[in-house]
Amino acid sequence: DVTSLPINNFWLISLPTLPFTLSSPALGLLLVFRTNAAYTRWITGRDAWARISTHGKNLVRMASIFSSDADAVEDFSKVVWLYCRTVMNKLSSPDEDEEVYQEQVREIFEDSPIAEKIMSSPDRAISAWKELSIQLHSLPASDPKALIETDKSIIILGECTSTCEKIYSSPVPLVYTRHTARFLTLWILLLPCALWSSFTSVGTAWAVVPACGVMAFFLFGVDELAMQLEEPFSILPMQVFCDQILESNQVMVGTEDITRENEEN
């Protein structure tokens, strides 16, 4: 039963531990399911970006092998980077990335009409994806089969982008997040009332507050961890991925030395 104990002119409500014992498995399942769902979203997004990076580099590698036109391959490598950077822009907050995106694209493409065409498109990712195919099939190649095989990587890039868009546009239902937060908050707030009698019986009533504080720290930490993982593209270093793609492509087309000299000058 709920009892009230007078302590130093204050009334402390003492609760039985049975309700907490019965409800703790439900709270644990809520936290575990939410954390697992959030981690699945994060690892799926990370795997998708790993494939985008791999196939973006593979496109330039193949193009540099079967095409003898070095300038065309270099232009193609820039379009590969543009596609990856455009996907990042679509998965980022416009307030945080839009200005940086336009600045980087204009720096790479300078006066090329491709940059303006992509940036003015209502769906930049789709336009960049189409431009990627156009640039690939415009490369001079002695073996048409090489173009067909290389085009498979463009298809995979589109699949990975669709996976990222699905995660970005389908957040965890808000009702699930709110219900877990309410459940956890109420459980932690009432926990000292259930622990008071047990700690008082062994003469360590002072330990109720630090014990509840430690439990609250870890349980709310798990909840915060899930909240961060639910939005993987806010914590994944997508800019680093795009920079690595650009650097690797410059190495494969042989322009990394020129770029380094320009930066030093």
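Which residues does Phe109 touch, not counting residues up to four places away in sequence? In this predicted model, the list runs to Lys78, Val79, Trp81, Leu82, Ile114 and Ala115. Phe109 also turns up, along with Trp49 and Leu132, among the residues with the most contacts inside the largest nonpolar core, a set of 47 residues.

At least two residues each come from helix 1 (18-66), helix 2, helix 3 (94-109), helix 4 (113-119), helix 5, helix 6 (144-169) and helix 9 (238-253). Helix 2 gives the most, with 11 residues. Apart from this core lies another one, made of 15 residues and including Ile188, Cys193, Val208 and Cys212.

The axes of helix 2 (residues 70-90) and helix 5 (residues 124-137) come within 9 Å of each other and cross at roughly 165°. Angles over 145 degrees count as roughly antiparallel, so helix 2 is roughly antiparallel to helix 5. As for handedness, helix 2 passes helix 5 in a left-handed crossing.

On the helix 2 side, the contact is made by Phe76, Val79, Val80, Tyr83, Thr86, Asn89 and Lys90. Helix 5 answers with Arg124, Ala125, Ala128, Trp129, Glu131, Leu132, Gln135 and Leu136.

Terms used:
Residues numbered from 1 in each chain as written. Predicted model: local features only at pLDDT ≥ 70, side-chain atom pairs only at ≥ 80, totals over all residues. Heavy atoms only, no water. Axes fitted to C-alpha atoms, helices over the stretch in contact; angles between N-to-C directions. Helix = DSSP H or I, 4+ residues; strand = E, 2+ residues; numbered from the N terminus. Parallel < 35°, antiparallel > 145°, perpendicular 65-115°, else oblique. Left-handed = near helix turned anticlockwise from the far one by under 90°. Contact = heavy atoms within 4.5 Å. Core = buried A, V, L, I, M, F, W, Y, C linked by side-chain atoms within 4.5 Å. Buried < 20%, exposed > 50% of the residue type's maximum accessible area, 1.4 Å probe, protein only.
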